[in-house]
Amino acid sequence: MLAVNYSTIRNKLKNYCDEATDNNQTIIVTRKAERNVVILSLEKYNRLMKIVQNAEYLSMLDRGIKQLEAGKGQKHDLIEADIDE
């Protein structure tokens, strides 16, 4: 992880973008008043987003399991769908 001030990034943006994509670096761009931002590759961003989505899904499953264990579930008959080809 690299921390670079805004002026340096502005002058060498291509180099830091290459660091993010080619070397899988995360770059923190430091700015005034702690308004920092992060530069990372799209690949790394997509991995992080998948992790977040998976965590949200697992949390939803956990809530459902707890509801079932608390007797708050409902029983339904399985309905077969007619598929015409």
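Student: Where does Lys 44 lie?
Tutor: Lys 44 is in helix 3, residues 42–69; helices are DSSP runs of H or I, at least four residues, numbered from the N terminus. This is a predicted model, where local features need pLDDT of at least 70, side-chain atom pairs count only at pLDDT 80 or more, and totals for chains, interfaces and linings use all residues. Residues are numbered from 1 along each chain as its sequence is written, and side-chain values use heavy atoms, without hydrogens and water.

Student: Is Lys 44 buried or exposed?
Tutor: Lys 44 is buried, meaning under 20% relative accessible area, with exposed over 50% and partly exposed in between (1.4 Å probe, protein chains only).

Student: What does Glu 43 pair with, then?
Tutor: Glu 43 forms a salt bridge with Arg 47, at 3.2 Å from N to O. They are four residues apart in helix 3, about one helical turn. Glu 43 is exposed at 57% relative accessible area, and Arg 47 is partly exposed at 38%.

Student: How many salt bridges are there?
Tutor: Two. Asp 18 also pairs with Lys 14, with the closest N and O atoms 2.6 Å apart. Both lie in helix 2, residues 13–22.

Key: Helices (H or I, at least four residues) and strands (E, at least two) are DSSP runs, numbered from the N terminus. Lys and Arg count as positive and Asp and Glu as negative; His and the chain ends are not counted. A salt bridge is a side-chain nitrogen of Lys or Arg within 4 Å of a carboxyl oxygen of Asp or Glu.
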